[in-house]
Amino acid sequence: MKNIHVIGCGKGTFAGAATIKCKFLSELVGIVKSVTYITDQYPPAATRLSTKFPIEILSNDLSIYSISSIESILSELFAEKIINIVCRIRKNEAILVWVSHLFPYLNAAITAKNILKEKGYNIKIFAFPVGSDIWEIGPQMNNIFRLRMLSDEIDYWATYSDRFADEISKNFPSLYGKIWIVPPVIDVNKNSRNGFYFKKDRPLVLSCHCNMRPVKRIDQTIKLAILIAQIIDRDVELFIIGPASPREEFSGNVKIVYTGLLDNPMEIACKSDFNVNTSIHDSFNYSLLEAMANGIPQITTDIAGIARYIEEYNTGLVLPTKIDSNLSIYKQYQNDIFDEYNVFGKLELFFSELNYCVLVNNCYTCSKKFSAESFIKKFSSIFIEDEII
């Protein structure tokens, strides 16, 4: 693939999708001719990877624009960045613009492609939608965005979850069967602990690592921690890692610690007994994958795309949800997501088993399913089929 230049384009925020993008791009360094990442702010995920590829950040002061115009302004700025980078590349070489978080970045990529095509450049667009594209925008997507999604200018579609690919296809039936499943990449911590031991001489420690959007249902995370404390009849500490004001709260014998944003969230997560996720929609959930790669057992809803990789009562627990898809997302934000009777019974069985069982380390699953080798193999197969390489 030495004749391909890859330009990544997307958010540089706390989101797991930014982490996946940075990791994807770092694995392509040395495989393709050049890699560049364009974003609106420096991604925490790139801290360890910044020396591997250049990251170009929009330097414009966006605060001067109104909220209503910010998306179109961002689209223009990103399109300009893409054009400037491409114009430094020879016209006979292939250029791949890899877009995650589709709006406004997809719009920018299509605009840039059309302008550069007239200049004689060979550009392919690789659209990589994430959860918020469909869930938080999806049903309310305006007609312009829908037309963009179905544009002939998009050469490839991909995501990292077959479940999410099915969901995209339901929103856009013409994409059915055209979406590649590209597994994310994770570095397995070879020094991770070997499973979990149920220790009664200290509080049970839970951690939750997320972007704090309403869809993550942090209220249900807290409710779940309280329920677990009742079942095991002991103190519980819950660490919520994400963009919230650092503080401590108490609810009965549950201590809730909001850590705020951290440079290395896994440092706290690795000290917890379980990583907890109560999201009502996830395209995959990279924070769960990071926790798995560090040997931390999971307690998650059955929504996340990664739930299928958790071996129940072995590497963690998957809790059934009761979500009415006919309700608006705003109504779903207000309702309880668990059938408390069924969840209570499952948790009670789980923690009673832990009195004499040891959960196994789930790093093996990560090393096999989410390796750099599997990613490069899948990535290469897409372009071999299209005879781009």
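In this predicted model, Arg217 is found in the loop between β8 and α7. The backbone of Arg217 has a phi near 50°, a positive value in a residue other than glycine. Is Arg217 buried or exposed? With a relative accessible area of 1%, Arg217 is buried, because the cut-off for that class is under 20%.

Met212 also deserves attention, as it lies in the loop between β8 and α7. Its phi is near 70°, again a positive value in a residue other than glycine. Met212 counts as partly exposed, since its relative accessibility is 23%, and that class covers the range between under 20% and over 50%.

Rolling a probe the size of a water molecule over the atoms shows where empty space is left. The structure holds 2 cavities of 30 Å³ or more, and the largest cavity has a volume of about 60 Å³. Of the 13 residues that line the largest cavity, Cys208, His209, Cys210, Val276 and Asn277 are the closest to its centre. Two or more lining residues come from each of β8 (204-209), α7 (218-232), β12 (274-277) and α9 (286-293). Which element gives the largest share of this lining? That element is β12, with 3 residues. By class, the lining of the largest cavity comprises 5 nonpolar, 7 polar and 1 charged residues.

Attention now turns to the sheet. Strands of a sheet pair through backbone hydrogen bonds, either parallel or antiparallel. Here, 7 strands form an open sheet with parallel pairing, in the order β3-β2-β1-β4-β5-β6-β7. Its edges are taken by β3 (55-57) and β7 (179-181); each has a single partner strand, so one side of each is left without a neighbour in the sheet. On average, neighbouring strands of this sheet are turned by 25° against each other, direction ignored.

Within this sheet, strand β4 (residues 94-100) pairs with strand β5 (residues 122-128) in the parallel sense over 7 bridges. Ser100 stands opposite Phe128 in β5.

Two helices can then be placed against these strands. Helix α3 (residues 102-118) lies across β1 (4-9), β4, β5 and β6 (156-159), and runs at about 170° to β5. Helix α6 (residues 162-171) lies across β6 and β7, with an angle of about 170° to β7.

Terms used
Residues numbered from 1 in each chain as written. Predicted model: local features only at pLDDT ≥ 70, side-chain atom pairs only at ≥ 80, totals over all residues. Heavy atoms only, no water. Pairing = 2+ DSSP bridges. Helix = DSSP H or I, 4+ residues; strand = E, 2+ residues; numbered from the N terminus. Axes fitted to C-alpha atoms, helices over the stretch in contact; angles between N-to-C directions. Contact = heavy atoms within 4.5 Å. 1 Å grid on protein atoms, 1.4 Å probe; cavity = no way out; pocket = protein on both sides within 12 Å on 5 of 7 lines; lining within 4 Å. Points joined across faces, edges and corners; volume = space filled by probe spheres on them. Nonpolar A, V, L, I, M, F, W, Y, C, P; charged D, E, K, R; others polar. Buried < 20%, exposed > 50% of the residue type's maximum accessible area, 1.4 Å probe, protein only.
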